[in-house]
Amino acid sequence: MGVCSVGVSAGSADMNITREWAMPNRWTFTIAPIKKLLDRYVGDGTEWIDPFCGTSTLAAHRNDLDPTIKGCSHKLALDFVKEMTDQLNGILFDPPYSGRQVSECYTHLKQKVHMDDTNSYFYWSVKREVAPKIKPGGYAISFGWNSSGFGGKLGFEIIEILLICHGSNHNDTIVTVERKMNKSILIPPIIAQPGGIQPGTHNAVMYP
Ligand SMILES: C[S@@+](CC[C@H](N)C(=O)[O-])C[C@H]1O[C@@H](n2cnc3c(N)ncnc32)[C@H](O)[C@@H]1O
């Protein structure tokens with residue numbers, strides 16, 4: 001199957017959308033067209049962060065909850081990104097792609113699954129925490145089954161989307177490349193429920 005590429009205008013930026021075919025792989029960054037894309041952006045990985053790194057060693061700052069993965073820290077992604085200082089060149093954001101995948105992963109790692117681990121809070125909380133730490137002109141490269149990325153509310157604009165078709169009725173892997181805009185933004189607050197934010201009480205509708 002050939003490579004198909006179109007350029008479209010989106011908001012203030014021009015974005016390129018490309019579609020390629022490749023076999024699926026749980027270690028996303030080994031998929032050939034994705035590896036090629038990452039080579040164009042990540043360089044030697046200096047001041048890049050990968051809070052769900054799996055087997056990838058591309059980013060200088062790496063973390064994965066799975067303790068069997070060597071050469072990285074093993075915290076919850078949110079705790080890991082909280083420790084990061086400002087002026088990051090970019091983030092590779094490749095978490096489990098659904099609540100079900102989070103559940104399966106946590107069960108495998110003998111980790112308790114809370115409600116907030118399987119709704120939008122899981123993704124939004126990490127994005128919100130790390131977004132201000134990426135320098136203007138830096139990148140967020142997100143992987144999943146949607147092209148939401150970090151979004152304009154967190155100060156990013158999409159510059160490129162890569163669709164990887166895996167054939168049959170598999171979901172595509174969607175790679176969304178965004179650049180941090182050069183303007184200051186107000187990070188949206190996490191809206192507390194009456195009585196404050198309690199673990200397991202978040203509701204998906206509260207997050208973009
Ligand atoms: C899609 S895989 C990442 C694959 C990686 N990009 C690669 O190419 O090798 C998602 C990873 O997130 C890890 N993970 C799941 N929940 C996590 C959490 N809350 N904090 C940190 N890592 C987590 C899993 O152990 C898994 O290795």
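Two strands pair if DSSP finds at least two bridges between them. Helices (H or I, at least four residues) and strands (E, at least two) are DSSP runs, numbered from the N terminus. This is a predicted model: local features need pLDDT of at least 70, side-chain atom pairs count only at pLDDT 80 or more, and totals for chains, interfaces and linings use all residues. Residues are numbered from 1 along each chain as its sequence is written.

**Exercise 1. Find the strands that pair with β6, and say whether each pair is parallel or antiparallel.**

Step 1. Start with β5: 5 bridges join β5 to β6, and the two run parallel. In this pair, I91 stands opposite A140 in β6.

Step 2. Now turn to β8. It is joined to β6 by 6 bridges, and these strands run antiparallel. Here S142 has T176 in β8 as its bridge partner, and Y139 stands opposite R179 in β8.

Step 3. Follow β8 onward. β7 and β8 run antiparallel and are joined by 8 bridges; E160 has V177 of β8 as its bridge partner.

**Exercise 2. Decide how covered β8 and α4 are.**

Step 1. Learn the rule. A residue is buried if 20 or more other C-beta atoms lie within 10 Å of its own, exposed if 12 or fewer, and partly exposed in between, with C-beta atoms placed from the backbone.

Step 2. Apply the rule to β8: 7 of its 8 residues are buried, so the strand is mostly covered.

Step 3. Do likewise for α4. Because 8 of its 10 residues are buried, α4 is largely enclosed by the rest of the structure. Among these buried residues are Y121, W124, K127 and V130.

Step 4. Look at what surrounds the helix: the buried residues of α4 pack against β3, α2, β5, α3 (99-108) and β6. Packing rests on contacts (C-beta atoms, placed from the backbone, within 7 Å).

**Exercise 3. Which residues touch the most other members of the largest nonpolar core?**

Step 1. Define the set: a nonpolar core consists of buried Ala, Val, Leu, Ile, Met, Phe, Trp, Tyr and Cys residues joined through C-beta atoms within 7 Å. In soluble globular proteins, nonpolar side chains tend to be buried together.

Step 2. The largest core has 40 residues, and those touching the most other members are I34, I49, I91, V130, A140, I141 and V175.

Step 3. See where the core comes from. Elements that each supply at least two residues include α1 (32-42), β3 (48-50), β5 (88-93) and β8 (173-180). The most, 6 residues, come from α4.

Step 4. Zoom in on I91. Leaving out residues up to four places away in sequence, I91 touches I49, V130, I134 and A140.

**Exercise 4. Is W145 buried or exposed?**

Step 1. Locate the residue: W145 lies in the loop between β6 (134-144) and β7 (156-165).

Step 2. Count the neighbours. W145 has 12 C-beta neighbours inside 10 Å, so it counts as exposed.

Step 3. List the contacts. Apart from neighbours within four places in sequence, W145 is in contact with Y97, N171 and I174.

**Exercise 5. How far can the model be trusted, going by pLDDT?**

Step 1. Recall that pLDDT is the predictor's confidence in each residue, from 0 to 100.

Step 2. Take the chain as a whole: its mean pLDDT is 90, and 88% of its residues reach 70 or more.

Step 3. Over residues 199-206, pLDDT stays under 50.

Conventions:
Two residues are in contact if their C-beta atoms, placed from the backbone, lie within 7 Å.
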